[in-house]
Every structure is written in structure tokens, then in C-alpha cells.
Amino acid sequence: MTAGAPTADPGADADERRTLRPLAGLLGAVAVSQTGTKISTIALPWFVLTTTGSAVQTGLVALFEMAPYVLLKGLSGPVIDRIGPRRVSWTMDLVSAVPALLIPLLHAAGALSLPVLLALVAVIGAARGPGDLAKQVMVPEAAERCRVPLERATGLSGTTERLSATIGPGAAGLLVALIGSMNALFVIAGCFAAGSLIIAATLPRAMGRPHRDPDGAGDDDLGYWARLGQGFGVVRGDPLLLSIALMIAVTNLLDAAFMQVMLPVWVKGSGHGPEVMGLLGTANGITAVAGSLVAAAIAHRMPRRTVFFVGFLIAGAPRFLVLAAGAPLWAVVAVFAFGGLGGGFLNPIISAIIVERAPRSHLARVQGLVSSLAWSGIPFGGLLAGAAIGGIGLVPALVTGGILYAVTTSLTGLRPEWRGMDRARRAARAAATGQPPPDAPTDGPADHPRAASPR
């Protein structure tokens, strides 16, 4: 790592820095909060679909949750860089627990109309965006404090997220079947509150403070919009970061359309219950955890570009096509499981590239903007899927989605800037050992991990 040392107190206990406590505490908070989020992605759409029978309204609820999530995740970067990710993380987790608790209470009182539900879901999304970003920003600092290679730390973070994605759908299916979708919201609120408590109670007090460059330079005198403009400058000036964000924006839109509407409609139309959604999510998640664990162990020795596109090849389009083909349930489960294995390698690679190519003092801004752009299609995925199913039917919508997924993830890799995925890693290793990079960068000013901050 060459983007700056962690902002630790000079008098911090050296023995504590040699433990795994910072990384373990951060991953624990990610695990419980992400589990709550995954439960909500099944419980809320299922509630709307079963009470209204409308795929469009189901997509509308997803829109109202994800649009604030994406917007606030992109806009909160300057605030996180200024006041520190630790404070933002535990505060936003606590805030998101409140509307999650209010939804079932208002439903029990007969006061949960669709506009009220949409407003509360929007508050959850608005709080989850900055809270999730703040945790992501602390991963490289936790890696440095624990003396863990960056790709191993991002791999463990990806494993934790995948584990939550495994536990969440399975737990959601069981909870919805046993206690109902509204009562499952109490569990979701508890998960968000637990994430807040873990961050506040377990991380070292010096961790998650605003970063300062080693030479003492800072941008404390800059306003919010100037700080945000710096983040845009880094992303705009780096073709690889921009290409990653744009490609994943398309795949995320298709993933959202699939998970939020197409899959529930297929499950309901096939005569299954919510436990089948949980089964499929668990099958995908178990193998994704395995893939993330492999990435944590050996990803720093593997060619990123090849692994990245092969992972997308097996994780994306086959899920759409197996449902469209009317395959038996065992075959659907097998395809979901195989796809999870490839998907487990993706997020660790993406996270490591962002950290390598962004100045540490700008990390929240850059990571927030890249994530926000990559997630920009998600709010509309469910809505577009509902409209597509209503217009052309479920099977044609699935086939169209699968073809678009395959084309997007195949043709994008032919562009020259993707060669920088591995070049940046070689440059980071060379800089860490004090040696010059093995070759000169040709695909953007941020190719070196110590890229200058745009002014």
C-alpha cells in the first residue's frame, strides 16, 4: 500500500495494531447490517407482491429504496472524507433501524398506506447508502492496521458480504414463511442496530478518522462541492474506473430486474413459495462465499482481467436463461450455485482496484461516486422488469435480459483500458518496494496508486 498510512494516534498501543481486531470488528458490522439488508430485499417485495398482486408496485417499492441509496452513496463521499467514516457508519446504521421498526408497527395499526411505505423505504435507502460506503472506506485502513494484504482484506470483506447474501435470503424465506413479511422487519431493524453498536464498541478509537496525506496537505478549506468535484476529477480522468462503473451499471440494472421482480414472479407463477427464493439465494451465496474465500487466499497471484470476465460470464446470463427454459428446480439450483462461484471473485477485484487508483484522502469520494454510478441502474431495474413482464411476458423478458447481460460482459472486455487492471497492481507492488513500475502507464492519470489529487 502506498496511498498513505492509517490515521492512527501516535500513542496507540502497538500490540493492538498487531491484532486482527480492527478488521474483525469491521467485518462483523458489515455482516449483521448486510444480513438485514438482504432480508429486506425479499421480505418487502414479497409483501407488496402478495398483498397487491402487482409487479409494477413491487418494482416501485424497490425504486423508492434504491434511488435514495444510490444518490446518497454518491453524494456522501465528501462528508465521509471530512468527518471520518467511523462516525458516519454507526450513525447511519442507527438511523436506518428506525423506519424498519416503524413499518411493521404502522402495518399492525392499519396505518401503512402505499405512500407511507414508500416514504419509510426511502429513508432506509438514504441511510444505508452512506453507512455502507463508510464501512467500505475503512477496509484498507483495517488491512494496514492488521498487516493484511489489501486483496486479502477486500476478499474477506467480499466473503462477509457474500455470507450475508447467503444467510439473508435463506433467513428471509424462513422468516416470511413462519412469521410473515412484516414481522421479519423487526429482525431487520435489529440487524441495523447491531451493526451500529459493533462499530461504536469494537473498533479502535483512532480508526475511521479523516485521512491526512503524509506531507500534511489537506483540503479542510474546501467546500462540499469543491470536494465532490475532486472526486469527479479522479473518476473522469481514469478510463478504467469509469469503464468499470459503466459496465456494472448495466449488469446491476439487470440483476435488480431479475432479483426484485423476475424471480419472484417466476417463483409465484411456478406454484412455489418464498422459501424457494431463499433456497436459490442460499445456493448462490454458499458458492459465492467459497469463491470469495479463494479470492482472499490467492487473488493477489491471479490475473485479474481473466478472472473478472470469466466470473461475469458464469455469474450473469445463465440465471436468466435457465428460468426462461422452464428447467426443473434442481437444474435452476445448480445454475445459481455455479454462478455464485464466479461471482465471488468480482467484488474483491473491484474494491482492490478502486483503493489502488484513488488517493487515500479522496477515497470516500471516489469510491462513493464509482459505486453510485455502478448502482445507478438498480432503482429502475424492478420498474423496468415489471413493465417488460406486463408488455411482452415473463419468458421473453428473461431471454432479453440474459442476452443483454452476456453482450455487456463480453464486449466490454475488448476495450484497451482493461489491461490496466493488472498493470496498476504491478505498479503498487513496485512502489511498495521502492522500485520503478515495470512499465509506464498509458491509460489514465490514476494508473499509479499515488495519483495526484485533481485541483
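Colleague: Over the face of which residue does Arg-319 lie?

Modeller: The model is predicted: local features need pLDDT of at least 70, side-chain atom pairs count only at pLDDT 80 or more, and totals for chains, interfaces and linings use all residues. Numbering starts from 1 along each chain as its sequence is written, and side-chain values use heavy atoms, leaving out hydrogens and water. A charge sits over a ring if NZ of Lys or CZ of Arg is within 6 Å of the ring centre and within 35 degrees of the ring normal. At 5.0 Å from the ring centre, Arg-319 lies over the face of Phe-258.

Colleague: The charged end of which residue sits over the ring of Trp-375?

Modeller: Look 4.9 Å from the centre of the Trp-375 ring. There sits the charged end of Lys-73.

Colleague: How many aromatic pairs does the structure hold, and of which kind is Tyr-224 with Trp-225?

Modeller: Rings of Phe, Tyr and Trp (its six-membered ring) pair if their centres lie within 6.5 Å; planes under 30 degrees apart count as stacked, over 60 as edge-to-face and the rest as tilted. The structure holds seven such pairs. The rings of Tyr-224 and Trp-225 have centres 4.9 Å apart and planes at 85°, so this pair is edge-to-face.

Colleague: Is Trp-225 buried or exposed?

Modeller: Buried means under 20% relative accessible area, exposed over 50%, and partly exposed in between (1.4 Å probe, protein chains only). The relative accessible area of Trp-225 is 64%, so Trp-225 is exposed.

Colleague: How do the planes of Phe-320 and Tyr-405 make a tilted pair, and what is the angle?

Modeller: Their rings lie 5.9 Å centre to centre. The pair is tilted, with an angle between the planes of 50°.

Colleague: How many residues apart in sequence are the parts tied together by Phe-320 and Tyr-405?

Modeller: Helices are DSSP runs (H or I, at least four residues), numbered from the N terminus. Phe-320 is buried, at a relative accessible area of 0%, and Tyr-405 is buried too, at 2%. Phe-320 lies in helix α13 (residues 317–324) and Tyr-405 in helix α18 (residues 394–411), so the pair ties together parts whose separation in sequence is 85 residues.

Definitions and conventions. Helices (H or I, at least four residues) and strands (E, at least two) are DSSP runs, numbered from the N terminus.
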